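Reader: I want to learn how to read a structure like this one. Please take me through it feature by feature.

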Amino acid sequence: MQIATALAHSNIAFIKYWGNRDDALRLPVNGSISMNLDGLDTVTTVRFDPSLGADRFALDGTWETGEKRERVSAQLDLLRALAGVDTRAKVLSENNFPQGTGIASSASAFSALTLAASSALGLELNEAALSRLARRGSGSASRSIPGGFVEWYLGKAEEDSYAESFAPPDHWDLVDLVAIVSREHKAVGSTGGHPLAPTSPLQQARIADTPRRLDRCRTAIFERDFGTFASVIEQDTLVMHSVMMTSEPSLMYWEPDTLRIMQQVRLWRDEGLPAAFTIDAGPNVHVMTLAPHSAELQARLAALPGVETVRHASAGGPARLLAEHLAPPRSA
Ligand code: DP6
C-alpha cells in the first residue's frame, strides 16, 4: 500500500492570475505574485490501493461523487501517467477554512494533492516540477508549492510556467486579515470565470500592463515599501474586477459590504495605519497590514457591519509532507 500525506497553505495573490492562454494546460495570460497564508491549510492523504475499481475522494468528511471527484481523478491521472501505473486511490482532504468564499481552497487543495500523490507513487520531483503539475489542477495551486513570497512565471511554454519563491516567509511581517462577509457559495467560480476574461474589452490592457505591476510589486516587497505595495495591489485588484465586471456575461463578485470595507481601509490608511485591500473571485476582502498593527486593525474590521469574522494569516512556508495520515470518514 502506497500512502502519503501533505499539507499546503492557501495563498493570496497581489498581482492576480485571470485568464488562460490554454485552458486545458492552465497556461496563464499573465504572471502573478502571491504570499502563502500560514494557518489557512489543506491536509490531504492519498492512498493508492490495487483493490479499488475507481478513485474515491472525501472532502471535509464527506464522500464526493460529482465534478469535485472528477477533478481530483484527472490530477491523479497526470501523476499515474508519470509513474507508469494505473492503480486507483483513496483521497482524504480537509480544509480549516470555508470553501468558495474568496479564500482560494483550490490552491492549497491541488498543491497538497500533487505533493501527497507524487510522494505516494515514489516519484522524485523537484519543486519546479511539482509546481508545474499543481498548476494543471488549479493555476493558483502552482504558487502554493514554494514558500513565502512567490512568483508564477508566465513562461513561454508548458515547461517554464511554474512558481518560485523570491523571498522567504520571514522577509517581511505582512499579515492578511481576511474579512469574511459571506459564506455563501459563489455563483461562478474562477474555473468558470477564466474563459470569460477575453470577452472584456479591458482584458488586453490589463495583460499589457502586467509586467509593470509585477515589477512594482516585487520591488515593493523586496524593499518592504508598504506605500508602493498598497498602491499596486489595490490597482491590480481593481483592474481584475473591472475585467470581471465588463466580461460577457458580467461577473460581479462584490457585495455592498465589500465596497464598504474597501472605502474604510482607505480612510484608515489616510489616518496613517498601514492597510490595503485585495479581493479574489468572491465578496471577502483581504486586508493586508504589518504585524505590529494587526490586532488593532483586526478589532476595527470585526466591528464593521456585515463582517461575520476575520481570519488572520502571516506568510507561510512551502507545501510539505506530514508523517500522520488522515482517517477515512465512517461511511467508508
Ligand atoms: C482571482 O487558480 O482558482 O484568485 O485554475 O481554474 O483553479 P483555476 O483558477 P484559480 O484562479 C484564481 C483566480 C484569483 C486570482 C489569483 O489567485 O491569482
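Predicted model: local features only at pLDDT ≥ 70, side-chain atom pairs only at ≥ 80, totals over all residues.

Reader: Which residues come nearest to the ligand?

Author: Arg-26, Ser-138, Gly-139, Ser-140 and Thr-191, out of 17 residues around the ligand.

Reader: How does that shell divide into nonpolar, polar and charged residues?

Author: Classes first. Ala, Val, Leu, Ile, Met, Phe, Trp, Tyr, Cys and Pro count as nonpolar; Asp, Glu, Lys and Arg as charged; the others, Gly among them, as polar. Here the shell has five nonpolar, seven polar and five charged residues.

Reader: Which side chain has a polar atom 3.0 Å from an oxygen atom of the ligand?

Author: A polar contact is a pair of N or O atoms within 3.5 Å; within protein, one must be able to donate a hydrogen and the other to accept it, and residues adjacent in sequence count only if both atoms are side-chain atoms. The side chain at 3.0 Å is that of His-194. Arg-26 places a side-chain N or O atom 2.7 Å from a ligand oxygen. For Arg-71 the distance is also 2.7 Å. The ligand alone exposes 460 Å², and the protein buries 97% of that. Such areas come from the Shrake-Rupley method with a 1.4 Å probe; for residues, only the protein chains shown count as cover.

Reader: Is Arg-213 buried or exposed?

Author: Buried means under 20% relative accessible area, exposed over 50%, partly exposed in between (1.4 Å probe, protein chains only). Arg-213 is buried, at 0%. Its place is in helix α5 (residues 203-222). Helices (H or I, at least four residues) and strands (E, at least two) are DSSP runs, numbered from the N terminus.

Reader: Where does Trp-18 lie?

Author: In the loop between β1 (2-15) and β2 (20-22). Trp-18 counts as buried, at 3% relative accessibility. Pro-198 is 180 residues from Trp-18 in sequence, yet their C-alpha atoms are 9.6 Å apart.

Terms used
Residues numbered from 1 in each chain as written. Heavy atoms only, no water. Near = heavy atom within 4 Å.
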